[in-house]
Amino acid sequence: MLTVRAPATSANLGSGFDVFGVALERPADVVRLEKADRVTIEMTGAGSQYIPEDPDKNTVGAVAEALDAPAHIQIDKGVRPASGLGSSAASAAAAAVGLNELYDRGYSREELVPIAAKGEAVVSGDAHDDNVAPSIMGGFTIATDKGVTQVDADIPLVACLPDIVVSTRDARNVVPETARVDQMVETVGNAASLTTGMHRDDPELVGQGMHDTVVTPARAQLIDGYEQVREAALAAGATGVTISGAGPTVIAACAEEDRRKIASTMLDAFGERGVDARVYQTRIGGGAEVF
Ligand SMILES: Nc1ncnc2c1ncn2[C@@H]1O[C@H](COP(=O)(O)OP(=O)(O)O)[C@@H](O)[C@H]1O
Ligand SMILES: N[C@@H](CCOP(=O)(O)O)C(=O)O
């Protein structure tokens, strides 16, 4: 029996759609794995009643198949599904890291990223790596078809999860198919600023680089209160605010001393729209840990 804790993640960070991601210090999924003749899955924790235990429909099933590593897999969800916090990816990342060790497959953390992404394809129809990469490797990750670049960044964050369900599959359907050249120029500048900010542990530069005028405005329509929450967080000192992953979580970067105030301001702003929410005062953290 082996236990793995794999963190929630925030993908895109505005300017890095389908490329950037960060591991969050909390929340996390805790997954226990035991060798077996076939794959069986048992779910507990946040939103687990909505997650299928059928291996063909659960992200961990695809990972076990890809590693040819049948196991009994108990998943305790710390990350609610359809949250924009890489819920489906956290389980897939934990399964990839745990089964690799349990069956002594010898893959490196970077090699496990495309294997865990097979789980993402099961739920969103697309094997995007930007959640599984940080959940496996920790820190800030840049996932492209050439592989993953990882930076051990340290930036305080606030993640505010409203009581709204947005499935990644639905949110991918509203992504515009084209962008103008001026939007492309702006996105490249913002992505470069954000990357530099991660290297320097500079919340100001990271926040500035989170601005995006292509994907975020289209998805904001799916999150009741997004604009109000964003403006309130910026007024409370956030250096940048955007949608976490496909939403509905709204994520803010900030200086350490402003984090508590930003967290309560975001909760209040959702509350004023009649939307219940919960908030995580967190920061960029490490990748999956085996116990
Ligand atoms: N192990 C798992 N953990 C969470 N969600 C899972 C898992 N396996 C399958 N799913 C399904 O994935 C969907 C949630 O994934 P997704 O929409 O990408 O949300 P998130 O942004 O939280 O990752 C739900 O339909 C859920 O039933
Ligand atoms: N790049 C993906 C990320 C989805 O993240 P999730 O946490 O919402 O699963 C996208 O934006 O579709």
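## Around ligand 1

The shell around ligand 1 is made of eleven nonpolar residues, twelve polar ones and no charged ones. Here Ala, Val, Leu, Ile, Met, Phe, Trp, Tyr, Cys and Pro count as nonpolar, Asp, Glu, Lys and Arg as charged, and the others, Gly among them, as polar. This is a predicted model, where local features need pLDDT of at least 70 and side-chain atom pairs count only at pLDDT 80 or more, while totals for chains, interfaces and linings use all residues. As for the labels, residues are numbered from 1 along each chain as its sequence is written, and chains are lettered from A and ligands numbered from 1 in the order in which they are written.

Which of the 23 residues around ligand 1 come nearest? They are S87, S88, S91, V123 and T168. A residue is near a molecule or strand if its C-beta atom, placed from the backbone, lies within 6 Å of it. Three helices, α1 (59-66), α2 (87-102) and α3, supply at least two residues each to this shell, and α2 gives the most, with four. Helices (H or I, at least four residues) and strands (E, at least two) are DSSP runs, numbered from the N terminus.

## Around ligand 2

Ligand 2 has 14 residues around it, and A11, G86, T168, G245 and A246 come nearest. Helix α5 (residues 168-173) provides the largest share of this shell, three residues. Sorted by class, the shell around ligand 2 has four nonpolar, seven polar and three charged residues.

Why does ligand 2 lie between domain 1 and domain 2? Because both domain 1 (2-151 + 286-290) and domain 2 (156-283) give residues to its shell. The shell around ligand 1 also draws on the two domains, with at least three residues from each.

How many residues of domain 1 are in contact with domain 2? There are 25, and they touch 33 residues of domain 2, where contact means that the C-beta atoms of two residues, placed from the backbone, lie within 7 Å. On the domain 1 side, β1 (2-11), β2 (20-35) and α3 (109-124) each supply at least two residues. Strand β2 gives the most to that side, with four residues. By class, the domain 1 side has ten nonpolar, eleven polar and four charged residues.

## The chain as a whole

Ten helices and eleven strands make up the count for the protein chain. Its C-alpha trace spans about 55 × 40 × 40 Å along the principal axes. With 291 residues, a compact globule would have a radius of gyration near 19 Å, and the 18 Å of the protein chain agrees with that. The radius is taken over C-alpha atoms, and the globule rule is 2.2 Å times the number of residues to the power 0.38.

Of the 291 residues, 56% count as buried. A residue is buried if 20 or more other C-beta atoms lie within 10 Å of its own, exposed if 12 or fewer, and partly exposed in between, with C-beta atoms placed from the backbone. Among contacts in the protein chain with a separation of 6 or more, 74% come from residues 24 or more positions apart.

Strand β4 is joined to β2 by six bridges, and the two run antiparallel; here R32 stands opposite Q74 in β4. Six bridges also join strand β3 (residues 40-45) to β4, this time parallel, and M43 stands opposite I75 in β4. Two strands pair if DSSP finds at least two bridges between them.

Most residues other than glycine have a negative phi, and most peptide bonds are trans. The peptide bond from R26 to P27 is cis, with omega near 5°, and P27 is found in strand β2. Another cis peptide bond joins G247 and P248, with omega about 10°; P248 lies in the loop between β8 (240-243) and β9 (250-253).

The loop between β1 and β2 holds N12, with a positive phi near 80°, and also D18, with a positive phi near 65°. Are these residues buried or partly exposed? N12 is buried because 27 other C-beta atoms lie within 10 Å, whereas D18 counts as partly exposed because it has 16 C-beta neighbours inside 10 Å.

Terms used: Domains from an automatic or database assignment.
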